[in-house]
Amino acid sequence: MKRVDFYYSTKLTFDDYVHDHSFALRIMPPVTDTQKITSCDMNITPYVSVKQTVDAFGNNVTAGYLKGDHRFLDFEIKGTAEVDNSKHRTDYMPCYLYQSRYTQPGETLSAFYNEIKVKCTGTVQDRAEYICAALSDRLSYEQGFTDTSTTAEKAFSLGKGVCQDFSHILITLLRMDGIAARYIAGLAFCDGETHSWVEYWTGDHWEGIDPANNCPVNDDYIVLSQGRDFRDCAIDRGVMFGKHTKQLQLVRSILS
Amino acid sequence: MKQVNEEYFMQAVGNADEINELLRRYGVKFGIYKNGVFNEQFFPFDPIPRVISAEDFRAIEKGLVQRVNALNEFLFDIYHDKKIVSDGIIPEDFIYISKGYLAECEGITPKNKVYSHISGIDLVQAKDGEWYILEDNLRIPSGASYPLIARELTRIAAPQAFSENRIVDNRGYAELLKETMEYSNCGGIRAILTPGRYNAAYFEHSYLAEHTGSVLVQNDELFVEDNVLYQRTYSGSKTRIGVLYRRIADEYLDPLTFLPESLIGIPNLMEAYRSGNVGIVNAPGNGVADDKGIYYFVPKMIKYYLGEEPILKNAPTYLPFYDEDMKYVMDNLEKLVIKDVAEAGGYGVVFGSDLTKEKLEEFRKTIIAEPRRFIAQEVIDFLDLPILDNGETVMRKADLRAFVLSGEKTKVWASGLTRFSRNPDSFVVNSSQGGGFKDTWVLSQ
C-alpha cells in the first residue's frame, strides 16, 4: 500500500470568446478495490454549476454547461489516495473482449499478430507480457506523430506513438488473442501530463500493464477512468460555440 | 374483399387522383439520399386498401404484443444481468458484435423499464393465409403518419367508403403516441427532435408533433444544464423537457458520449437520461434487439422470458454461424434470400435465384469468410395485393408494418403501413427502394 498525493490541472484557453459550452470531465478518480480516495477536491473556473454521475464503465463524470461568454476553462483536482495493487479489481464487462472503435486491426496489425502468435503461450499473464514486450520492441515512443484520433492500426503502421497508441495497440493484440482488455487513463509518476495503460482480464481479476514502459503496474499509478478505448475515457470532452479557431490546452500532473 | 361494401369501397378508388393530388399538396414526401444527393419524392399512394378481418387482426395483435413484450424484457436483460447469455440461449458474440449494442447504455434503466416505446414490426402474409414476421424495427421506425394522412384525405374524398363499412378508426394513433410518451415523461413538456428539413421523414416529424401536442425541436434550441434537458425559448427563458421522442440515430444523439463529430446531437443528453431526468423515446441501444442476427433468437426469447409459445412465426431463418445451418445454406443458396445484418432499408438483400453460377460460388466464399455477417431465409411466397397501375388492377408484393406502442400496456395500432413493390418482379417493398403505400383497414367485425 502506498499513500499518494495527486494533483492534476488543465487550462483551456480560446483565442476568442466562446459560449454555450457543454463539457463532460472524467477527472475524479473512482474508488476501487485497489485505490481508496481519502480526499479529493475539484475546482472549475469560471464558476459553473456541475453534476456528477457514474457512467457505464464505472467512471465519475462531471458535467457542466457554461452559457455566457468566456475565454478560458480551467479545472483541477487535488487529493490523496491509498493505492494497493496487492488487491484486485473484478469489475468485468464482456464488451472488453471485443474490438472497439480505436482498436480494429487492419492489415499490418493482423500480420504482426500472426507473426508473434506462435510464441504466445502459457498463462494469460505470460501471453500478455510476451505481447507487450514484442510490441515494445517494434514501436518507438515518439511525440508529435500521432494525436488523440489516431487508431491502433494507424499508429502501428507509423511505427511510433505515445502512451495512448501503445495502449490501443496492446488492447488490439490482447483481444485478438482472446484476452479481454481495457484502456485506463490516469496519472503516473513517470509522466507530467496524463498517462494511459492497459488492464487485462486473467480469468478472475484485472492486472495492470504499462505498454509504453513495458512494465507491470504498481502502486505508482492512479486510475482516473477506464473503458474500451480512449473514447470512453477522455479526460475532457466539450462542445462550444464561438468564432474561435484555436484552443490551447495546458496539462500538468504531479504525484508525490 | 367480401366483407367490405364494394360499391363505396370503389368510390375511394375512383378518387385516387384527387387523393394523390391532396397528398402532394400536403407535402407527403419521402426523402432519399443517393450518391450524396438529396432527392425528395412523393410517396405514391395506392387507393385500394388492404383489408384485414377482425379475426385475423386479433390473432396478429396478440402475437405482436407478446413479441414486443419479450423484446423489451430482452433489452433490460442485455443492459443489466445478461441472463439470456449466461443461460446459453444466445451466444455472447451475437450481442457484442452487433453494431446496435451500445456499451455506453450499460446499467441504464429507462423510466418504467420501457425500451421500445414505438416498435415497427414488419409482417407478410403468405399465400396460405399465415402471417410471418420479417423484421423488428425498434430504433426509430417511421411510417405511421402516411396511412394516417391518407385515411384523413380518403375520408374527405370518399366519405361513404367509411360510413358504409365497419372500419376501425385509425385516428387514435396520435392519442396512443401521446399516452406512450407521457408514460416515460420524467417531468416536463413533450418534444419531438428532428434533424431538420432535409431528413427523409421530416414530414412525419412535423405531422406527429402537431397531432400529439408536442413541440417540434432541433438540437440548436436544446441544452442540458444540471443534467436536465431544456428548450430555449424566444424570450430567453427555458422550458424543461420531460420526454424526448428523438428521430435521430443513437450514435448522433450526444457528441460527448457518442460520435464527437455529431452536429445534430445534444451535449450531455446521456447524462440527463442516465440521471432519470428525461425520457428518451425509443431508448438508445435498442439496435441490439432488432439486429438481423438477433431476429433468429426472438422466438427463443419469447419462451425464455414469458414462458409462452410464440404466436407469430418468424420466416424460416438460418444462421451460417452454426455449422448445421451453414451446410444447409451452402446446399440451398440458389433458393434462399440472404441478408447482410449490417444493412437496412432494403439494401444488402440478395436473392440466390437472381445470381449466376459464378456469382453464387463467389457469394458462398463470402459467407464462409464472414459467417456472422449474414442470415439466410426461405423465400416466402407472399400474398399479392391488387394495386392500381394506370387504371388497371395488377397484383404486387406487399408487406405490413404494424406499429406497437408500449406505455402502461402494450397496444397495437389498428392500422399500419402497407408497402408494395411497384416492380412486378421485386419482393423488396421498402420506400427507399421506390415502393408505394396503401391504407390498411382493420374491420371491426
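How many bridges join S13(B) to strand S16 (residues 374–378) of chain B? The count is two, and the strands run antiparallel. We will come back to that pair after a look at the whole model.

## Reading the model

This is a predicted model, in which local features need pLDDT of at least 70 and side-chain atom pairs count only at pLDDT 80 or more, while totals for chains, interfaces and linings use all residues. Residues are numbered from 1 along each chain as its sequence is written, and chains are lettered from A and ligands numbered from 1 in the order in which they are written.

## Chain B as a whole

Chain B holds 14 helices and 21 strands. Both kinds of element are DSSP runs numbered from the N terminus, helices being H or I with at least four residues and strands E with at least two. The C-alpha trace spans about 60 × 55 × 45 Å along its principal axes. A compact globule of 445 residues would have a radius of gyration near 22 Å, and chain B agrees, with 22 Å. That radius is taken over C-alpha atoms, and the globule rule is 2.2 Å times the number of residues to the power 0.38.

Of the 445 residues of chain B, 47% count as buried. A residue is buried if 20 or more other C-beta atoms lie within 10 Å of its own, exposed if 12 or fewer, and partly exposed in between, with C-beta atoms placed from the backbone. Among contacts in chain B with a separation of 6 or more, 71% come from residues 24 or more positions apart. Here, contact means that the C-beta atoms of two residues, placed from the backbone, lie within 7 Å.

## Domains

Chain B is divided into domain 1 (6–309 + 382–442) and domain 2 (323–378), with bounds that come from an automatic or database domain assignment. The C-alpha centres of these two domains of chain B lie 28 Å apart.

Chain A has domain 1 (2–85 + 235–255) and domain 2 (94–233), and 24 Å separate their centres, taken over C-alpha atoms. Their contact takes 22 residues from domain 1 of chain A and 18 residues from domain 2 of chain A. On the domain 1 side, the elements giving two or more residues are strand S1 (2–25), strand S5 (70–83) and strand S14 (247–255) of chain A.

## Where the chains meet

At the interface, 21 residues of chain B are in contact with 17 residues of chain A. Helix H5 (92–96), strand S8 (222–225) and helix H10 (269–274) of chain B each supply at least two residues to the chain B side. S8(B) gives the most, with three residues. The chain B side divides into ten nonpolar, four polar and seven charged residues. In this scheme Ala, Val, Leu, Ile, Met, Phe, Trp, Tyr, Cys and Pro count as nonpolar, Asp, Glu, Lys and Arg as charged, and the others, Gly among them, as polar.

Strands pair if DSSP finds at least two bridges between them. B:Thr317 stands opposite B:Gln377 in S16(B).

In chain A, five strands form an open antiparallel sheet in the order S11-S10-S9-S8-S12. Six bridges join strand S8 (residues 181–188) of chain A to S12(A), and A:Ile184 stands opposite A:Gln226 in S12(A). Helix H4 (residues 163–176) of chain A lies across S8 and strand S9 (195–201), running at about 15° to S9(A). For that angle, axes are lines fitted to C-alpha atoms, for helices over the stretch in contact, and angles run from 0 to 180 degrees between N-to-C directions.

## Backbone details worth a look

Most residues other than glycine have a negative phi, and most peptide bonds are trans. A cis peptide bond joins A:Thr45 and A:Pro46, with omega about -5°; A:Pro46 sits in the loop between strand S2 (35–45) and strand S3 (50–54) of chain A. The bond from B:Val281 to B:Asn282 is also cis, with omega near -15°.

A:Asp20, in strand S1 of chain A, has a positive phi of about 45° although it is not a glycine. B:Lys82 has a positive phi of about 60° and lies in the loop between helix H3 (54–78) and helix H4 (83–86) of chain B. B:Lys82 is partly exposed, with 16 other C-beta atoms within 10 Å.
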